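Dear colleague,

Please find below the structure I promised to pass on to you. My notes on what was found in it follow directly after.

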Amino acid sequence: MKIGIIGSGYVGLVTGACLAHLGHIVTCVDQDVEKVRTLKNGKVPFYEPGLMEMVLENVAAKRLSFTHDITRIVNRCEVLFICVHTPSRANGGADLRFVEKVAKQIATHLRKYCLVVEKSTVPVETGEWVRRTIKRNVRSGVHFDVASNPEFLREGSAIHDFLQPDRIVIGVSSARAEKLLRKLYGSLKAPIIATDIKSAELIKHASNSFLSTKISFANALSRVCDAVGADVEKVTLGMGLDPRIGPQFLKAGIGFGGSCFPKDLSAFLHISEQLGVRFDILADVLRVNDTQREYFVRKILSEMRNLKGKTLGILGLVFKPDTDDMRSAPSIPIVQMLQKEGARIQAYDCQATAKCRALFREVTFTDDPYQAAKGAHAVAVLTEWKEFLNLDWKRLRRLMRSNFFFDGRNMFQPTEMKANGFRYVSVGRPA
Ligand code: UDX
């Protein structure tokens with residue numbers, strides 16, 4: 001099938017590359033001329049395992065191309081995906097400016113039937129609003145459909161998530177639209193859940209909110225565990241073996257970040273309020289998440305008493321491993337709080353040093369974890385990069401000035417870390 005992807009950011013590019021990989025002819029559009037040039041030169045502007053190879057392979061096979069000119073795809077594609085950003089507004093609601101602009105551009109140029117699919121995470125009822133926007137601006141007599149096909153891509157495993165999904169959700173309002181989307185995904189072995197458009201939009205809101213709820217539950221639980229001297233890892237293991245609960249997304253630590261959960265949760269809370277529905281759990285999930293960072297910093301302070309003039313080595317800054325994404329990373333407020341307490345920060349991240357230089361003030365970035373620990377009074381792990389599992393702890397300890405070790409991701413075993421000479425503190429686990 002001939003597919004157009006509008007917006008070549010994270011979601012758009014992964015979707016475009018994977019659809020091309022499935023054999024479709026895909027054109028990705030982006031208004032950012034520089035980004036299009038980068039893509040045409042075979043470079044992907046962010047880090048996602050396997051994506052660059054997939055892009056290159058499909059460009060070479062002439063199944064994937066890039067342009068900044070939306071008019072080049074509108075009447076040449078059977079399906080157009082809207083994958084533009086939907087940033088948060090100050091009140092937590094989603095800013096749909098870019099979606100509106102694209103809907104109007106499609107409408108202005110459309111001359112024959114096309115299925116317009118919203119893939120970006122958008123508030124419930126956006127599909128209907130996009131339909132009305134196109135209807136108002138399209139030539140009379142030109143038919144189109146709008147559908148919702150939310151993405152469930154995790155950064156770091158987005159290609160796997162796209163090609164081996166647990167489910168494919170399609171929100172449609174006509175048999176023709178359903179048939180097109182079933183054909184598009186026909187080669188993937190996954191249940192297709194076909195619903196009305198609003199229900200599909202809500203599946204996305206509900207899934208992300210529920211996953212965030214599990215994380216905040218585990219984090220609130222970690223504080224109770226600390227208070228009584230229990231082990232949150234064991235408690236969540238015992239809970240998760242009940243198939244009604246499940247083991248995933250119960251990992252306590254410093255809370256969730258990234259481009260999706262914080263933004264989507266705020267947007268869903270905002271929508272519920274506008275609809276006059278009290279969904280207080282969502283506000284609590286956000287509150288627990290925000291205060292979990294403070295909780296971690298308080299742990300550091302209660303061990304070290306005073307951070308004035310002390311050096312802290314930070315291991316990992318991105319919001320989770322296998323990405324270079326710093327959006328809403330818990331490391332940002334944590335580093336700021338530590339600096340406010342007078343700490344000097346030297347930090348190492350496996351992927352995001354370049355991005356971090358622009359984000360953090362007065363932080364020294366190092367080329368390896370040992371340099372980050374050199375001369376430090378304490379080390380704090382903020383991202384569970386695999387690379388950290390195999391460090392030479394005795395060597396790292398010898399480089400440090402003192403032996404405090406704060407594990408914000410519960411990556412290591414307390415007994416082992418103590419045997420390596422550290423005063424080891426993690427989240428919700430006895431020392
Ligand atoms: C998420 C959803 O998983 C995906 O389906 C959706 O489409 C986009 O948002 P992503 O933001 O890439 O994906 O990351 P994810 O792996 O879900 O992790 C989100 C955050 O939660 C990370 O900061 C991670 O460290 C944190 N997390 C996750 C925990 O703190 N504990 C857990 O048990 C799981």
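In this predicted model, the buried residues of helix 1 are Tyr10, Val11, Gly12, Leu13, Val14, Thr15, Gly16, Ala17, Cys18, Leu19 and Ala20. Helix 1 is thus mostly covered, with 11 of its 12 residues buried. The cut-off applied here for a buried residue is under 20% relative accessible area.

The length of helix 1, which runs over residues 10-21, was also checked. Its 12 residues should span 16 Å at 1.5 Å a residue, and because the end C-alpha atoms are 16 Å apart, the two values agree. Just after helix 1 comes Gly23, whose phi is positive, at about 110 degrees.

I turn next to the surface. Lys2, Lys40, Arg72, Arg76 and Lys112 together form a positive surface patch. One of these residues, Lys40, belongs to helix 2, which covers residues 33-40. Lys40 has a relative accessible area of 53% and is therefore exposed, given that the cut-off for an exposed residue is over 50%.

Arg361 counts as exposed because its relative accessibility is 68%. In sequence, Arg361 and Gln339 are 22 residues apart, while in space the separation is 9.5 Å, C-alpha to C-alpha.

With kind regards

Key. Residues numbered from 1 in each chain as written. Predicted model: local features only at pLDDT ≥ 70, side-chain atom pairs only at ≥ 80, totals over all residues. Heavy atoms only, no water. Patch = residues over 30% accessible without salt bridge, like charges linked within 9 Å, V, L, I, M, F, W, Y side chains within 5 Å. Areas by Shrake-Rupley, 256 points an atom, 1.4 Å probe, with all protein chains shown as cover. Salt bridge = Lys/Arg side-chain N within 4 Å of Asp/Glu carboxyl O. Lys, Arg positive; Asp, Glu negative; His and termini not counted. Charge placed at Lys NZ, Arg CZ, Asp CG, Glu CD. Helix = DSSP H or I, 4+ residues; strand = E, 2+ residues; numbered from the N terminus. Buried < 20%, exposed > 50% of the residue type's maximum accessible area, 1.4 Å probe, protein only. Expected span 1.5 Å × (residues − 1).
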